[in-house]
Amino acid sequence: MEVSMLRIFMLLRMLRRDLAVLFLSLLRRDTPRTVKVLFPLALLYLISPVDLIPDAIPVLGAVDDAVILPAATAFLVRMLPPQIRAQSEQRVTRYGTMVLVAASIVVLLWIALIFYALSRVFS
């Protein structure tokens, strides 16, 4: 469990700019619904215990997380209309650290909520 959380945070750190762009674009009304639905699902896949390749397999278990999240992030950033993407990138540049801290807090709250819900279901 501890190793997988470390891997999650390493992936999020590598993708922080694109993730911040996506988080800021989610706040806009004119962002396509597909991005608004697929982005949270991609994050949920990252913390989900259900993987395409089980994490119990030593090397291959980490490969699916290391490939799917960056691919999904790049795909979703490309799905953004050019004006939304440009404005979100400008806001990330302007607010930089504050956006990343806020996005990290949101992700951590989601993780805590999911673990809480799972502990309530399985207890």
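Guide: Thr73 has a relative accessibility of 2%, so it counts as buried. The term buried means under 20% relative accessible area, exposed means over 50%, and partly exposed covers what lies in between, with a 1.4 Å probe and protein chains only. The model is predicted, so local features need pLDDT of at least 70 and side-chain atom pairs count only at pLDDT 80 or more, while totals for chains, interfaces and linings use all residues. Residues are numbered from 1 along each chain as its sequence is written, and side-chain values use heavy atoms, leaving out hydrogens and water.

Thr73 sits in helix 4. Helices (DSSP runs of H or I, at least four residues) and strands (runs of E, at least two) are numbered from the N terminus. The protein has 5 helices and 0 strands, and 31% of its 123 residues count as buried.

Leaving aside residues up to four places away in sequence, Thr73 touches Leu15, Asp18, Leu19 and Leu22. Contact here means heavy atoms within 4.5 Å. Three of these names return where helix 2 and helix 4 pack, with axes 10 Å apart and an angle of about 45°. Helix 2 is therefore oblique to helix 4. The axes are lines fitted to C-alpha atoms, for helices over the stretch in contact, and angles run from 0 to 180 degrees between N-to-C directions. Under 35 degrees counts as roughly parallel, over 145 as roughly antiparallel, 65 to 115 as roughly perpendicular, and the rest as oblique.

Asp18, Leu19 and Leu22 of helix 2 meet Thr73, Leu76 and Val77 of helix 4. By class, that contact holds 4 nonpolar, 1 polar and 1 charged residues. Nonpolar covers Ala, Val, Leu, Ile, Met, Phe, Trp, Tyr, Cys and Pro; charged covers Asp, Glu, Lys and Arg; the others, Gly among them, are polar.

Helix 2 (residues 16-26) also meets helix 3 (residues 33-47), where the axes come within 10 Å and cross at roughly 135°. These two helices are therefore oblique to each other, and their crossing is left-handed. Leu19, Leu22, Phe23 and Leu26 of helix 2 make the contact with Val35, Lys36, Phe39 and Leu43 of helix 3. It has 7 nonpolar, no polar and 1 charged residues.

Phe39 touches Leu19, Leu22, Phe23, Leu26 and also Leu76, not counting residues up to four places away in sequence. In the largest nonpolar core, with 22 residues, Phe39 is among those touching the most other members, together with Leu22, Phe23, Leu43, Leu69 and Leu80. Such a core is a set of buried Ala, Val, Leu, Ile, Met, Phe, Trp, Tyr and Cys residues joined through side-chain atoms within 4.5 Å. At least two of its residues come from each of helix 2, helix 3, helix 4 (60-79) and helix 5 (82-121).

Helix 5 includes Ser88, which is buried at a relative accessible area of 2%. Ser88 touches Val21, Leu24, Ser25 and Arg28, again not counting residues up to four places away. Arg91 is also in helix 5 but is partly exposed, at 32%. Arg91 and Val21 are 70 residues apart in sequence, and their C-alpha atoms are 8.1 Å apart.

Definitions and conventions: A crossing is left-handed if the near helix is turned anticlockwise from the far one by less than a right angle, and right-handed if clockwise.
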